[in-house]
Amino acid sequence: MNLYKTIESYSRSKYLIHVLCAVSFAESSFFPIPPDVLLIPAIVVNKSNAYKYALYCSVSSVLGGILGYYIGMFLFDSVGKWLIETYNYGEQFATFTNGFNKYGFWIIALKGLTPIPYKLVTITSGFSNVNVATFIFASIIARTSRFFLLSFLSVKFGVKLSDLLKKHMWVFLIITFFVVVLGFYLFSLI
């Protein structure tokens with residue numbers, strides 16, 4: 001069975017929403033792969049559920065972000081430091097922390113829209129003691145905007161995207177991977 005057919009059949013699974021929620025939650029606090037890899041193909045297969053999927057991803061991502069926030073606030077010396085070291089962002093973390101003192105809300109809102117690893121934003125927010133209400137509000141704006149925009153684009157270009165995915169699913173996954181890597185690179189420039 002080819003990869004597209006596997007994702008297509010999984011997109012019809014009764015567990016799809018559970019997996020989308022789990023990946024969205026985990027990506028916001030510790031997991032490196034964004035839910036886009038499953039979200040976009042799921043929408044192409046099931047356009048009528050596009051915005052429902054976006055809502056589930058948004059809520060799960062914000063909740064996972066709260067976990068990341070508290071990892072940064074209370075568990076930085078153990079879990080937070082380990083995650084920062086695992087992603088090799090020690091220097092950038094220090095620079096990013098200084099930026100939070102001036103632009104906390106805007107950093108959260110803007111970085112939450114980009115492919116820059118959101119877990120680093122959430123952990124740094126907690127470590128920097130960004131007001132939790134400000135953090136949650138900025139996260140809701142950023143993550144909801146991101147997932148609903150992805151859903152809109154997937155619905156709008158779904159037929160073309162579906163044909164491309166059927167023929168080039170591995171290319172799509174490789175491009176998604178490189179977008180994530182680019183996000184890490186851009187984050188390192190901060």
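Start by selecting Leu20 in this predicted model. Leaving out residues up to four places away in sequence, Leu20 touches Pro35, Leu38, Leu39, Tyr53 and Cys57.

Now widen the view to the largest nonpolar core, which has 14 residues. Leu20 is among the members that touch the most others, along with Leu16, Leu39, Tyr53 and Phe147. H3 gives the most, with 6 residues.

Next, hop to a second, separate core of 11 residues. Pick out Ile108, Ala109, Tyr118 and Val121, which are included in it.

Then click on Ser61, in helix H4 (residues 50-74). Is Ser61 buried or exposed? Its relative accessibility is 0%, so it counts as buried. Its side chain makes a polar contact with the side chain of Arg143, at 2.8 Å. Beyond its neighbours within four places in sequence, Ser61 is in contact with Ser24, Phe25, Ser28, Tyr118, Arg143 and Phe147.

Follow Arg143 into H8, where Arg143 is one of the buried residues. Others on that list include Phe135, Ala142, Arg146, Phe147 and Leu150. Look along the whole of helix H8 (residues 132-156): its 25 residues should span 36 Å at 1.5 Å a residue, and the end C-alpha atoms are 35 Å apart, which agrees.

Last stop: Asn131, which caps the N-terminal end of H8. Zoom in on its side-chain oxygen, 2.8 Å from the backbone nitrogen of Ala133.

Terms used: Residues are numbered from 1 along each chain as its sequence is written. This is a predicted model: local features need pLDDT of at least 70, side-chain atom pairs count only at pLDDT 80 or more; totals for chains, interfaces and linings use all residues. Side-chain values use heavy atoms; hydrogens and water are left out. Helices (H or I, at least four residues) and strands (E, at least two) are DSSP runs, numbered from the N terminus. Buried means under 20% relative accessible area, exposed over 50%, partly exposed in between (1.4 Å probe, protein chains only). A polar contact is a pair of N or O atoms within 3.5 Å; within protein, one must be able to donate a hydrogen and the other to accept it, and residues adjacent in sequence count only if both atoms are side-chain atoms. Contact means heavy atoms within 4.5 Å. The expected span of a helix is 1.5 Å times one less than its number of residues. A nonpolar core is a set of buried Ala, Val, Leu, Ile, Met, Phe, Trp, Tyr and Cys residues joined through side-chain atoms within 4.5 Å.
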